[in-house]
Amino acid sequence: MTIRDVPAFVPICKTADVRSGEARQFRPAAGRWRGKPMAVWNDDGTFYATNFICPHMGGPISEGKLTDGVVECPWHGWTFHVDTGLPAGDDEGHGISAYEVKIEGDDVMIGGMLRPSGT
Ligand code: FES
């Protein structure tokens, strides 16, 4: 298999697996991100995917509170936009990786990286 054979989007979970206003951790079973833990978000029916680990001290972002598209890390309160991964607070200098998402039937599909983590 060459890089050209890797599908652009692969399923990571079902839409029913993530309740509205929450996130869960999943690992794609195939594709370029196979085995990588990701947080899949359901923001009132719109799905997003980001890094699972907080860049501050490794907190579990998917367990954070989601409000108006912004998640607050449960450990120390850093905030991130789940659609872009960009930091939402004034004090946070680092964002999180965010990934393309599309829905096919009841599958949540993960594509390429929208932005890497870091600044
Ligand atoms: S580990 Fe997330 S804010 Fe500290």
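View 1. K14 is partly exposed, with a relative accessible area of 36%. Here, buried means under 20% relative accessible area, exposed over 50%, and partly exposed in between (1.4 Å probe, protein chains only). K14 lies in strand β1 and D107 in strand β9, so their pairing ties together parts that are 93 residues apart in sequence. The two side chains meet in a salt bridge at 2.6 Å, N to O. A salt bridge is a side-chain nitrogen of Lys or Arg within 4 Å of a carboxyl oxygen of Asp or Glu. K14 also forms a salt bridge with D106, where the closest N and O atoms are 3.5 Å apart. D106 sits in the loop between β8 and β9, so this pair ties together parts 92 residues apart in sequence. D106 is partly exposed too, with a relative accessible area of 42%.

**About the model.** This is a predicted model: local features need pLDDT of at least 70, side-chain atom pairs count only at pLDDT 80 or more, and totals for chains, interfaces and linings use all residues. Residues are numbered from 1 along each chain as its sequence is written, and side-chain values use heavy atoms, with hydrogens and water left out.

View 2. The side chains of E104 and K102 meet in a salt bridge (3.2 Å, N to O). E104 is partly exposed, at 40% relative accessible area. K102 is partly exposed as well, at 33%. The charged end of K102 sits over the ring of F9, 4.5 Å from its centre. A charge sits over a ring if NZ of Lys or CZ of Arg is within 6 Å of the ring centre and within 35 degrees of the ring normal. By the salt-bridge rule, the count comes to four.

**View 3. The open sheet.** Six strands form an open sheet in the order β1-β9-β8-β4-β3-β2, with antiparallel pairing. The edge strands are β1 (10-14) and β2 (22-26), and each pairs on one side only. From one strand to the next, the twist averages 35°. Strands (E, at least two residues) and helices (H or I, at least four) are DSSP runs, numbered from the N terminus. Two strands pair if DSSP finds at least two bridges between them. Angles run from 0 to 180 degrees between N-to-C directions, and axes are lines fitted to C-alpha atoms, for helices over the stretch in contact.

**View 4. Strand β3 and its neighbours.** β3 (residues 38-43) and β4 (residues 46-51) pair in the antiparallel sense over six bridges. V40 has A49 as its bridge partner in β4, and W41 has Y48. Two residues separate the strands of this hairpin, and D44 takes a positive phi near 55°. β2 and β3 pair in the antiparallel sense over five bridges. E22 stands opposite N42 in β3. Five of the six residues of β3 are buried, so this strand is largely enclosed by the rest of the structure.

**View 5. W33 meets Y99.** Rings of Phe, Tyr and Trp (its six-membered ring) pair if their centres lie within 6.5 Å; planes under 30 degrees apart count as stacked, over 60 as edge-to-face and the rest as tilted. By this rule the count comes to one aromatic pair. The ring centres of W33 and Y99 are 5.1 Å apart and the planes stand at 70°, so the pair is edge-to-face. W33 is in the loop between β2 and β3, and Y99 is in strand β8, 66 residues apart. Both W33 and Y99 are buried.
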